[in-house]
Amino acid sequence: MREDRQRLDKWLWFARFAKTRTLAAKMVTGGHVRLNGQRTDNAAKAVAVGDVLTIALPRSTLVVRIEDLGQRRGPAPEARLLYLDLSRDNGALVSAPDNG
């Protein structure tokens, strides 16, 4: 795989959305992950910086943009640097109203 790409299941594991890489692969094959708005069931699908993932978790749905691919599964503060959470109500998806 190219250096600027990484397997989807591996990235989910590095970013701590799954406890094991096997569980990350099951999330993908179970249809709980969308890549750039398209449902994927291929755990080996390549992801890159800038891709947007929609992840259906048991009690919530997250929308994240990949900011870095990571080199290892590190501690939680390091894992949070791998993505930007777009599902929070921070206005990242909506432009400001035009008052003029």
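Visitor: Let me start with Asp-9: is it buried or exposed?

Guide: Asp-9 is buried, since its relative accessible area is 3%. Buried here means under 20% relative accessible area, exposed means over 50%, and partly exposed lies in between, using a 1.4 Å probe and protein chains only. Please keep in mind that this is a predicted model, in which local features need pLDDT of at least 70 and side-chain atom pairs count only at pLDDT 80 or more, while totals for chains, interfaces and linings use all residues. Residues are numbered from 1 along each chain as its sequence is written, and side-chain values use heavy atoms, with hydrogens and water left out.

Visitor: Which residue forms a salt bridge with Asp-9?

Guide: Arg-7 does, and the closest N and O atoms of the two are 3.0 Å apart. A salt bridge is a side-chain nitrogen of Lys or Arg within 4 Å of a carboxyl oxygen of Asp or Glu. Arg-7 counts as partly exposed, at 30% relative accessibility. A network of salt bridges links Arg-7 and Asp-9 with Arg-21.

Visitor: How many salt bridges does the structure hold?

Guide: There are 5 salt bridges. Among them is the one between Arg-2 and Asp-4, with 2.9 Å between the closest N and O atoms; Arg-2 is exposed at a relative accessible area of 53%, whereas Asp-4 is partly exposed at 39%. Another joins Arg-65 to Glu-67, where the closest N and O atoms are 3.0 Å apart. Arg-65 is partly exposed at 30% relative accessibility, and Glu-67 is also partly exposed, at 36%.

Visitor: Let's step back a bit. How many helices and strands does the protein have?

Guide: The protein has 3 helices and 7 strands, and from the N terminus on its elements run β-α-α-β-β-β-β-β-α-β. Helices (H or I, at least four residues) and strands (E, at least two) are DSSP runs, numbered from the N terminus.

Visitor: What order do the strands of the open sheet have?

Guide: The open sheet has 5 strands in the order S3-S2-S5-S6-S7, and their pairing is antiparallel. S3 and strand S7 (83–85) stand at the edges with a single partner strand each, so one side of each is left without a neighbour in the sheet. Two strands count as paired if DSSP finds at least two bridges between them.

Visitor: And how many bridges pair S2 with S5?

Guide: S2 and strand S5 (residues 52–56) pair in the antiparallel sense over 3 bridges. Leu-35 has Leu-53 in S5 as its bridge partner.

Visitor: What about rings: how many aromatic pairs are there?

Guide: The structure holds 4 aromatic pairs. In one of them, Trp-11 and Tyr-83 have ring centres 6.3 Å apart and planes at 75°, so the pair is edge-to-face. This pair links distant parts of the chain, with Trp-11 in helix H1 and Tyr-83 in strand S7, 72 residues apart. Rings of Phe, Tyr and Trp (its six-membered ring) pair if their centres lie within 6.5 Å; planes under 30 degrees apart count as stacked, over 60 as edge-to-face and the rest as tilted.

Visitor: Are Trp-11 and Tyr-83 buried or exposed?

Guide: Both Trp-11 and Tyr-83 are buried, and together with Phe-17 they form one aromatic cluster.

Visitor: Back to strand S7, then. What does the side chain of Asp-85 touch by a polar contact?

Guide: The side chain of Asp-85, which lies in strand S7, is joined to that of Ser-87 by a polar contact of 2.5 Å. A polar contact is a pair of N or O atoms within 3.5 Å; within protein, one must be able to donate a hydrogen and the other to accept it, and residues adjacent in sequence count only if both atoms are side-chain atoms. Asp-85 is buried, with a relative accessible area of 17%.

Visitor: One last thing: where is Arg-16 found?

Guide: Arg-16 is in the loop between helix H1 (8–14) and helix H2 (21–29). Although Arg-16 is not a glycine, its phi is positive, at about 65°, and the residue is partly exposed with a relative accessible area of 39%. Asn-36, in the loop between strand S2 (33–35) and strand S3 (38–39), likewise has a positive phi, near 55°, in a residue other than glycine.
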